[in-house]
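Here are a few friendly notes to read alongside the model. Take them one at a time, with the structure open.

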Amino acid sequence: MNTRYSIVYVVNLRADTQRPVVVPGYVQKMLDKHGGSFHEMLLDYCDKLVAPAYRDGFRMLFDYDYVCDRICREGAIRYAYVRNDGERFLITIFPDTHSVDEVMWVFAKEDTPSEE
């Protein structure tokens, strides 16, 4: 598994469906538990894994209208957070070039240097 990009999904915000690209087993189990709903998996992920100080900001990403609006205005959304285990992550959400309804969600470990 790629050590920098821990979780990557293509998400259809209208249908709340997803196509996994890079998915660790624990995230797939959460997704399966919620019948494939990306939104419900995010709620579970936030409640169980995101450090309390970052949950309110993380929850803003549950509002798909907010996500669409920000992407339309800014081209992408970036949100940094810390998990309960102390690992730092950066979520980047940006449009998928193949579909107007789909966006790419990339969860990357922040402490790993980028290859740019």
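1. Helix H2 covers residues 38–49, twelve in number, and spans 16 Å from its first C-alpha to its last. That is close to the 16 Å expected at 1.5 Å a residue, where the expected span is 1.5 Å times one less than the number of residues. Helices (H or I, at least four residues) and strands (E, at least two) are DSSP runs, numbered from the N terminus.

2. This is a predicted model: local features need pLDDT of at least 70, side-chain atom pairs count only at pLDDT 80 or more, and totals for chains, interfaces and linings use all residues. Residues are numbered from 1 along each chain as its sequence is written, and side-chain values use heavy atoms, leaving out hydrogens and water.

3. Back in H2, the buried residues include Phe38, Met41, Leu42 and Tyr45. Buried means under 20% relative accessible area, exposed over 50%, and partly exposed in between (1.4 Å probe, protein chains only). Cys46 is buried too, at 0%.

4. Cys68 is in no disulfide either, with the sulfur of Cys72 nearest at 6.4 Å. Cys68 is partly exposed, with a relative accessible area of 34%. The structure holds zero disulfides.

5. Now look at strands S4 (residues 88–95) and S5, which pair in the antiparallel sense over seven bridges; pairing requires at least two DSSP bridges. A hairpin of six residues joins S4 to S5, and Ile91 has Phe107 in S5 as its bridge partner. Strand S5 (residues 102–109) is mostly covered, with seven of its eight residues buried.

Technical notes
A disulfide is a pair of cysteine sulfur atoms within 2.5 Å.
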